[in-house]
Amino acid sequence: MKFNTKTIHGGQKHDAAYGAVMPPIYQTSTYAQTTPGGHKGYEYSRTHNPTRDALEKSFASIENGAFGLAFGSGLAAIDAVIKLLKPGDEVISTNDLYGGTYRLFTKIFEDFGIKFHFIGMQNASNVAHFINEKTKLIWVETPTNPMMNIIDIKQIATVAKKHAVLLAVDNTFATPYLQRPLDLGADIVMHSATKYMGGHSDVVMGALIVKDQELANRLYFIQNASGAICGPQDSFLVLRGIKTLHVRMQRHCENGRIIAMYLKEHKKVDNVYWPGFEDHPNHEIAKQQMDDFGGMISFTTKDDSLQGAMSFVEKLKIFTLAESLGGVESLAGHPASMTHASIPKKEREKIGVKDSLIRLSVGIEDVNDLIADIEQALT
């Protein structure tokens, strides 16, 4: 089954009771039993829910995995991965990553005795220098948030397997439409399904996908024991979103390409970060592991000031100044004061997240309207 078909049919079956094409919303917390322990596969909705099960099967299908897990948020999904570890373990993480992930690692799990190394991974060989007998996990974002750096998943996976270390990849920016980390050797794929998977800015959710049965069992246990699951209504919404993922992503990519090229040529724009440029670092790796380059773009203006960035995002009319990304509508953000504010300024600036950086999530509107909006805000 090809990807475009998987988004609609992958892992799905018609409702057994009445033949409903879309899985019903099973808005129930518990299920009738004929005898103690005798039930039809469902006993309590924290553990299993038919609507959530349908979504988790869809997650697994489109990522070419065997097992999917749906969580109450992307951070809840990351939390479950780190709970695979124990005090004294070490994690090697991308240094350019979502601020919420950095906050979870440093403000929560460091207090439980887990050590994190934040390093640049654009040169994948750097990772091996930080591996020791305590290293249990490598955490990768690619493309990274917000600098759009590209990391060679296959090469990192080779290093991870050599040292028997788990590799987890945050695939939120690319989605499985563009990139499938499990096929490249990753052990765990994570998504903030709030973003492109849901696609309509109306739900908060996280996802994990794996191939290995034992690893899946450990994560299912953590999910059930910790309770950070999503509800059936949210499951229904994201499952509905996935059914149009392929057509939405095609337009996100088309619009993203046009806007990236427009910004690169604009006299008031300085640096543009988008992996589709031939002069983008690791562009060749992006070409190998991605099917296109997505709709996420970061840039700075020639003004290169906090005031200039603030002025730009405040003047936009079609782009909405808001947190998040990946919805059908175009969004603009200021990472230093919004998505990455939890990272200390000194650490942010080391990786290029200056106060003047602007991040765009290019939606699926008419691209000429989007360009006109950027133009009026710049001028």
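Okay, let's start with helix 11, where Gly 308, Ala 309, Phe 312 and Val 313 are buried. They span an arc of only 125° around the axis, so they end up on the same side of helix 11. Remember the general rule: an α-helix has 3.6 residues a turn, so residues three or four places apart point the same way. And keep in mind that this is a predicted model.

What about the other face? Turned away from the buried side, you'll find Gln 307 and Glu 314, and those are exposed.

So what covers the buried residues of helix 11? The cover includes strands 9, 10, 11 and 12, plus helix 13, which is residues 367-378.

We've got 5 strands in an open sheet, and the order is 8-9-12-11-10, with mixed pairing. Strand 8 (269-273) and strand 10 (320-321) are at the edges with a single partner strand each, so one side of each has no neighbour in the sheet.

Let's zoom in on strand 10.

One more helix before I stop: helix 9, residues 245-265. Helix 9 lies across strand 8, strand 9 (296-301) and strand 12 (358-361), and runs at about 15° to strand 9.

Definitions and conventions. Residues are numbered from 1 along each chain as its sequence is written. This is a predicted model: local features need pLDDT of at least 70, side-chain atom pairs count only at pLDDT 80 or more; totals for chains, interfaces and linings use all residues. Side-chain values use heavy atoms; hydrogens and water are left out. Two strands pair if DSSP finds at least two bridges between them. Helices (H or I, at least four residues) and strands (E, at least two) are DSSP runs, numbered from the N terminus. Contact means heavy atoms within 4.5 Å. Axes are lines fitted to C-alpha atoms, for helices over the stretch in contact, and angles run from 0 to 180 degrees between N-to-C directions. Buried means under 20% relative accessible area, exposed over 50%, partly exposed in between (1.4 Å probe, protein chains only). The arc is that of the directions from the helix axis to the C-beta atoms.
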